[in-house]
Amino acid sequence: MFIISKKLDAIINMDLTNEIFIRESGMIKAKLSDGNNIPIAEYDSEKEAQTALKMLANHINSNNKAIFFMPEKEQIKVQIIQQKEQWHHAEGKKAKGHGGS
């Protein structure tokens, strides 16, 4: 599997990658098997970087061998909003409380 960097300036071969990690600044880097670290994406916050990393992990976990493009800010925002959606009862009702006041 290959990853295309967010700036579209690098292609990373996952077979030659030991680790992908986030720096405090929102930078995602790949540690290659030769020991070099190369940046693959930079986001405005660590939360955005974590969301992008989760998207990459889901792609890897799906055994999809297609090329993965690091997500743009708009894609990240959609994912964050979807994660924040609250759970509602299937029938739209609140759970009944039992007990006194």
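Reader: What relative accessible area does Asn64 have in this model?
Author: The model is a predicted one. Asn64 belongs to the loop between H1 and S6. Buried would require under 20% and exposed over 50%, and Asn64 counts as partly exposed because its relative accessible area is 34%.

Reader: Which residues is Asn64 in contact with, leaving aside its neighbours within four places in sequence?
Author: The C-alpha atoms of Asn64 and Met1 are separated by 7.9 Å, although the two residues are 63 apart along the chain. Contact is judged on heavy atoms, with a limit of 4.5 Å. With neighbours within four places set aside, the contacts of Asn64 are Met1 and His59.

Reader: Which residue has its backbone nitrogen 2.9 Å from a polar atom of the Asn64 side chain?
Author: A polar contact needs a pair of N or O atoms within 3.5 Å. A polar atom of the side chain of Asn64 lies 2.9 Å from a backbone nitrogen, that of Ala66.

Reader: What is the phi of Asn63?
Author: Asn63 is placed in the loop between helix H1 (46–61) and strand S6 (68–69). With a relative accessibility of 60%, Asn63 counts as exposed. Most residues other than glycine have a negative phi. Asn63 is not a glycine, yet its phi is positive, at about 60°.

Reader: Where in the chain is Leu8, which has a positive phi without being a glycine?
Author: The phi of Leu8 is about 60°. Leu8 is exposed because its relative accessible area is 62%, the cut-off being over 50%. Its place is in the loop between strand S1 (2–4) and strand S2 (11–13).

Reader: In what order do the elements of the chain run from the N terminus?
Author: The chain has two helices and six strands. Read from the N terminus, the order is β-β-β-β-β-α-β-α.

Reader: Which residue in S6 stands opposite Ile4?
Author: S1 and S6 run parallel and are joined by two bridges. Opposite Ile4, the residue in S6 is Phe69.

Reader: By how many degrees are neighbouring strands turned against each other in the sheet S3-S4-S5?
Author: The sheet is open, and its three strands pair in antiparallel fashion. On average, direction ignored, neighbouring strands here are turned against each other by 25°.

Reader: Which residue in S5 stands opposite Lys31?
Author: Strand S4 (residues 27–32) and S5 run antiparallel, with five bridges joining them. Opposite Lys31, the residue in S5 is Asn37.

Reader: At what angle to S3 does H1 run?
Author: H1 lies across two strands, S3 and S4. Angles run from 0 to 180 degrees between N-to-C directions. On that scale, H1 runs to S3 at about 145°.

Reader: What share of the accessible surface of the chain belongs to carbon and sulfur atoms?
Author: Of the 101 residues, 30% count as buried. The accessible surface of the chain is about 7,500 Å², and the share of carbon and sulfur atoms in it is 49%.

Note on methods: Residues are numbered from 1 along each chain as its sequence is written. This is a predicted model: local features need pLDDT of at least 70, side-chain atom pairs count only at pLDDT 80 or more; totals for chains, interfaces and linings use all residues. Side-chain values use heavy atoms; hydrogens and water are left out. Helices (H or I, at least four residues) and strands (E, at least two) are DSSP runs, numbered from the N terminus. Buried means under 20% relative accessible area, exposed over 50%, partly exposed in between (1.4 Å probe, protein chains only). Accessible areas come from the Shrake-Rupley method with a 1.4 Å probe; for residues, only the protein chains shown count as cover. Two strands pair if DSSP finds at least two bridges between them. A polar contact is a pair of N or O atoms within 3.5 Å; within protein, one must be able to donate a hydrogen and the other to accept it, and residues adjacent in sequence count only if both atoms are side-chain atoms.
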